[in-house]
Amino acid sequence: MKVARTLSFHETRVEEAPIPQLEPGDALVEVVACGLCGSDATDWYVDKKAPTVLGHEPAGVVVEVGEGCLLEPGQRIFFHHHVSCGVCHYCARGFDTNCSLFRSSKLDPGGFAERVRVPRENVERDTLLLPEGVDFDAATFIEPLACSLRAIDKLELRAGESVWVIGLGAMGLMNAALAKHYGAGLVVATELDPGRRDPDPCWGVDHVLDPTDEGFPKAMRELTSGRGPDHVIVGPSSKVAIQQASELVAPGGRVCLFSPVSPDKEITLPLNRFYFGEITLVSSYSCGAGETRRSLELIEADAVPVKRLISHRLTLEEVGEGIQRTAAAGPDWLRAVVYPQGLPEVE
Ligand SMILES: [Zn+2]
Ligand SMILES: [Zn+2]
C-alpha cells in the first residue's frame with residue numbers, strides 16, 4: 001500500500017509499505033479522507049516525530065477485522081489516533097489527554113496512508129460509526145472540532161460573555177463558531193492576514209481587528225465595555241499573541257493556549273496583572289473520547305458548517321506540498337483534506 005512518509009518538516013514522500021497485520025480486536029480501515037492539521041505543519045513538532053506518517057483527522061471504511069473486533073467490514077467510521085484508559089489518575093480528573101495510554105496509543109501507520117490498522121484499544125475506546133447524514137469530508141472535522149470543544153469547555157464560558165479569538169484559520173473559525181454556539185455575547189477576532197479579515201457571517205465573528213494596528217488595544221477595550229474580553233483563545237503560539245492576550249484579557253478572565261509553544265521558547269507574562277485581576281491561564285491539548293462524540297453530534301446537526309472550511313483537496317503525492325502550504329497559511333488556504341484512495345469527484 002502507499003503511504004506519505006514525512007522524513008522531516010521539509011520532506012515528505014510517497015512510499016510503498018506493507019499492509020499492517022491485525023491483532024485480535026484490531027480493524028484494518030481504508031482511509032477515504034484525512035484532514036491536514038496545523039500541527040502537521042508545525043516545523044519543530046513534525047521534526048520531533050519524523051520519520052512518521054502524519055494524519056490524525058481520518059475517516060474511512062472498515063475492510064478487515066481481527067478476531068473479536070467490535071467493528072464489521074463495510075462500516076463507515078471515524079477513528080481517533082489517541083485514546084485514554086478512562087480509569088487512571090488523569091482520566092478520573094478529566095485530564096484524559098495526559099493519560100499514559102493517550103500518549104502511547106496511535107494509528108498504524110497514520111492517516112496519510114491507503115490503509116490504517118486501528119489498534120484494539122482505539123477501536124474500543126474512540127471509534128465512531130458515521131451516521132448517514134455525515135459524509136467523509138464532514139467526518140474529517142470530528143477530531144479538530146472536538147479540540148475546539150475542549151478549549152471552549154476550558155473557558156467555562158457563561159452566556160453573554162465576550163470571547164477574543166486570535167487567528168482566523170480553520171481552527172479560529174471553528175473556535176469562534178463554537179463560542180457563539182455556547183452563548184458568547186460577543187466574538188472578536190484578530191488576524192494578521194488582511195485576506196482573512198472578512199469571515200462569512202456563519203462563523204459568528206462579530207468584529208475583526210488588526211492586532212498590529214497602533215490603536216488595537218483601545219479598539220478592543222471599546223468593543224468590550226472598556227474591560228477587555230472575558231476570554232481569549234490563543235490560536236497561534238506566538239509570543240506576541242500570548243502577551244497581547246495577557247495584557248488585554250478582562251479581570252476574572254481566562255486565556256486559553258490552543259497550540260503548543262515550542263519547548264525552547266520563553267515568554268514573560270504580566271503576573272502582577274494575573275494576580276490582581278484573578279486571571280486564569282489554561283491550555284487545551286488535543287481532545288478525548290467525550291469531545292469526539294459531542295463533536296460528531298454538532299456536525300450531524302449542522303451546528304457548525306465545517307465542510308465550508310475545506311479549501312484544498314490533495315492526493316497522497318501532494319501531502320508534502322500541503323504541509324508547506326498549510327504552514328504558509330495564505331489567505332485562500334483554510335483546510336486541506338487528503339484523499340488516499342484518490343480525489344473524490346467534485347460535486
Ligand atoms: Zn490536529
Ligand atoms: Zn487514563
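Arg 150 and Asp 96 form a salt bridge in this predicted model, with 3.0 Å between their closest N and O atoms. Two salt bridges are counted between the two domains.

**Domain interface**

- On the domain 1 side 18 residues make contact, and they meet 21 residues of domain 2.
- The size of an interface is often expressed as the accessible area lost when the parts come together.
- For domain 1 and domain 2 the buried area is about 1400 Å², and carbon and sulfur atoms account for 66% of it.
- Of the area that domain 1 buries against domain 2, 34% comes from Trp 44, Val 304 and Leu 309, more than from any other three residues.
- Four residue pairs are in polar contact across the interface, counting pairs with both residues at pLDDT 80 or more.

**Zinc site**

- The zinc ion (ligand 2) is held by the SG atoms of Cys 85, Cys 88, Cys 91 and Cys 99, at 2.3 to 2.4 Å.
- Along the chain, these donors have the spacing C-x2-C-x2-C-x7-C.
- The site is tetrahedral, with angles of 106 to 115° among the four donor atoms.

- Cys 85 has a relative accessible area of 23%, so Cys 85 is classed as partly exposed.

Note on methods. Residues numbered from 1 in each chain as written. Chains lettered and ligands numbered in written order. Predicted model: local features only at pLDDT ≥ 70, side-chain atom pairs only at ≥ 80, totals over all residues. Heavy atoms only, no water. Donors = N, O, S within 2.8 Å, 3.2 Å for Na, K, Ca; no water. Tetrahedral: all angles 85-135°; square planar, octahedral: opposite > 155°, others 65-115°. Buried < 20%, exposed > 50% of the residue type's maximum accessible area, 1.4 Å probe, protein only. Contact = heavy atoms within 4.5 Å. Buried area = accessible area lost by both parts, 1.4 Å probe. Salt bridge = Lys/Arg side-chain N within 4 Å of Asp/Glu carboxyl O. Polar contact = N/O pair within 3.5 Å; in protein donor to acceptor, adjacent residues only side chain to side chain.
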